[in-house]
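Me: I'd like to learn how to read strand pairing in a model like this one. Could you walk me through it?

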Amino acid sequence: MKRSFIYIIFLLLFISCQKEKFNVQKAGMLKTKYVYSSSTDSEPYSFTTYSYDKNWNLVKELISDYPKPVFASFTYEYSKNGQLLNKKYQAIEGANYPDQAESNFKLLWEKKYHYIDNKKIEEEYRNGMLTDSVVYIYRNNLIMAEYHYDLGDLKRWSIIYDYDSNDNLIKKTSNPDVSYTVYSYTESKIIKALSYNHNDSLLVENTYTYTLKNNKEIVEVHYKGTYGEFISFKTTYKDGNIIEKITYSPTFIGYEWNCVRYEYY
């Protein structure tokens, strides 16, 4: 439990890579994702398969504990013009038997989407009750802001995004705590991300390095902050696709939390 808690804190502090630009263009559609305990393991402990419709819209993710059968899924529904309308998470609760199948799944939550001008509204339902809502605001294909509403705890928070003239993300601000991260680039490749609290005190410094090896690009994220200095992530790209991502422990330097590998259509 302690390791899991530290891992969650680690991810919240340092995994801001989702919207950071690595100047790598998506070239293929994801087929399977395998999760290993470390990069030296020969077999994964779980894997996810991805299915698409004729327009290459993602329609289903099936999640399994290797080599056991599926235990959960995400399903996606779209409008005629390709806008996401519904996302459902279904799973088997407390079951782990060899012949379990999708027919045994139970709907745990679903997200419904609505679109108004430059806004995407996401509503999350659990047991048929609306529990959370998020409003995403876009400028063309760039997300400019997201506003979160937790109906259960009556809490609100938001994230604001700022870009330069080349559409590189240069600042991300979280409210109401007014913490923020600023990004710097070289030729549209991110080279540094600095995270500050509301007092403008530097909390985390992430530096990015790039290496070309055997037609692959390796991106390492070097962390500097409360936990010391170490490599926190190592991501390998080939032909514009992520093929491997290793996450390292913030407390056991050099120890891998997990290794994720990707296959494409």
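Reply: Happy to! Keep in mind that this is a predicted model. Let's begin with strand β1 (residues 30-36), which pairs with strand β18 (residues 256-264) in the antiparallel sense over 6 bridges. Within that pairing, tyrosine 36 has cysteine 259 of β18 as its bridge partner.

Me: Which sense does the pairing of β1 and β2 take, and over how many bridges?

Reply: Two strands count as paired when DSSP finds at least two bridges between them. β1 and β2 have 4 bridges and are antiparallel. As an example, look at lysine 33, whose bridge partner in β2 is threonine 48.

Me: What stands opposite threonine 48 in β3?

Reply: That is isoleucine 63. Strand β2 (residues 46-52) and β3 are antiparallel as well, with 6 bridges between them.

Me: How many residues lie between the strands in the hairpin of β2 and β3, and which one takes a positive phi?

Reply: There are 5 residues between these strands, and tryptophan 56 takes a positive phi near 65°.

Me: Why is β3 described as largely enclosed by the rest of the structure?

Reply: A residue is called buried when its relative accessible area is under 20%. In strand β3 (residues 58-64), 5 of the 7 residues are buried, so the strand is largely enclosed by the rest of the structure.

Key:
Residues numbered from 1 in each chain as written. Predicted model: local features only at pLDDT ≥ 70, side-chain atom pairs only at ≥ 80, totals over all residues. Heavy atoms only, no water. Buried < 20%, exposed > 50% of the residue type's maximum accessible area, 1.4 Å probe, protein only. Helix = DSSP H or I, 4+ residues; strand = E, 2+ residues; numbered from the N terminus.
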